[in-house]
Amino acid sequence: MTTTSSLAFQPVLERIAEEIERTPGRGRPADYIPALAACDPRRFGMAVAELDGTVYGVGDWRQPFSAQSITKVFTLALDLAREGDSLWEHVGREPSGNPFNSLVQLEYENGIPRNPFINAGALVVTDRLHTRTGDAAGELLAFLRTESGNPALGFDQEVAASESAHGARNAALAHFMASYGNIDNPVPVLLEQYFRQCSVAASCADLALATTFLARHGIRSDGSRLLSRSQAKQINAIMLTCGTYDAAGDFAYRVGLPGKSGVGGGVIAVVPGRCTLCVWSPGLDERGNSVAGVAALDRFTTLTGLSVF
């Protein structure tokens with residue numbers, strides 16, 4: 001096991017990158033979003049951000065990619081900071097056990113999604129944030145720009161248009177929940193916000209830095225408090241149990257950290273009180289998680305001993 005001083009992170013990352021390079025199977029990019037389908041599954045980047053903003057990286061760690069569902073963590077934090085526990089009357093905190101875009105449970109559970117990280121739950125959170133801010137996607141982007149220190153972060157209009165053109169299932173989820181009174185805004189407005197949110201393009205360095213508020217127990221990069229310590233704990237707990245769709249148990253078993261994946265091939269992870277990570281490799285497994293990304297995080301916790309367990 002290596003030591004976990006800051007100087008140890010760079011050689012660990014380089015070792016992981018070398019191991020990943022020798023790994024044959026990398027999965028396939030998300031082909032149901034045409035703008036993502038052309039990504040090379042062998043691209044790989046990884047970054048670690050310490051609590052003081054120091055960042056270490058390897059491979060394509062400065063290359064922007066489509067954040068997709070990783071953004072659900074930030075919209076959840078921004079809404080929870082505003083409305084507190086009343087949010088949980090509209091979305092649950094349990095693993096779904098079903099694919100991220102499933103409609104099945106909503107009818108049995110009266111339009112209340114299982115958790116904020118499946119698509120139905122994320123739509124509810126975005127809807128509620130939009131009600132409170134008037135521009136949920138804009139609020140998200142401003143937060144990411146500030147926390148990452150990168151004012152150039154933006155939406156990928158091609159990805160947003162691609163998702164909108166192939167967004168029938170998300171529209172179905174939103175309309176179905178609206179029929180139960182669990183959506184406040186007009187569905188077309190909500191969908192436009194949600195597709196913009198998911199289209200954010202950011203690098204591993206950007207997202208690792210933007211996530212450090214969760215490792216600092218709710219404290220933002222400027223020292224102000226976004227979440228209470230308890231709320232930060234809640235989000236980390238939901239990331240651990242629900243952050244990788246219906247593979248969350250396997251992710252907890254292999255990696256042992258709160259994490260959130262996106263179908264753009266990114267995965268963020270949190271070591272509370274220590275650091276945050278982001279890995280990117282576009283090739284996905286059958287459950288929508290980056291094959292190389294999960295493998296890299298598995299190796300990181302094994303080599304450093306950093307885990308919540």
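A polar contact here is a pair of N or O atoms within 3.5 Å; within protein, one atom must be able to donate a hydrogen and the other to accept it. The model described below is predicted.

**Thr 133**

Thr 133 belongs to helix α5, which covers residues 119-133. Its side chain takes part in two polar contacts listed here, one with a backbone oxygen and one with a backbone nitrogen.

Leaving aside residues up to four places away in sequence, Thr 133 is in contact with Arg 82 and Glu 139. Leu 78 lies 55 residues from Thr 133 in sequence, and the C-alpha atoms of the two are 10.0 Å apart. The relative accessible area of Thr 133 is 27%, so this residue counts as partly exposed, the class between buried (under 20%) and exposed (over 50%).

**The sheet**

Three strands form an open sheet in the order β3-β5-β4, and their pairing is antiparallel. The edge positions are taken by β3 (65-66) and β4 (154-155); each has a single partner strand, so one side of each has no neighbour in the sheet. Two bridges join β4 to β5 (residues 200-202) in the antiparallel sense. Phe 155 has Val 200 of β5 as its bridge partner. Helix α9, made up of residues 187-198, packs on this sheet and touches β3, β4 and β5. The direction of α9 makes about 10° with that of β5.

How values were computed
Residues are numbered from 1 along each chain as its sequence is written. This is a predicted model: local features need pLDDT of at least 70, side-chain atom pairs count only at pLDDT 80 or more; totals for chains, interfaces and linings use all residues. Side-chain values use heavy atoms; hydrogens and water are left out. Two strands pair if DSSP finds at least two bridges between them. Helices (H or I, at least four residues) and strands (E, at least two) are DSSP runs, numbered from the N terminus. Contact means heavy atoms within 4.5 Å. Axes are lines fitted to C-alpha atoms, for helices over the stretch in contact, and angles run from 0 to 180 degrees between N-to-C directions. Buried means under 20% relative accessible area, exposed over 50%, partly exposed in between (1.4 Å probe, protein chains only).
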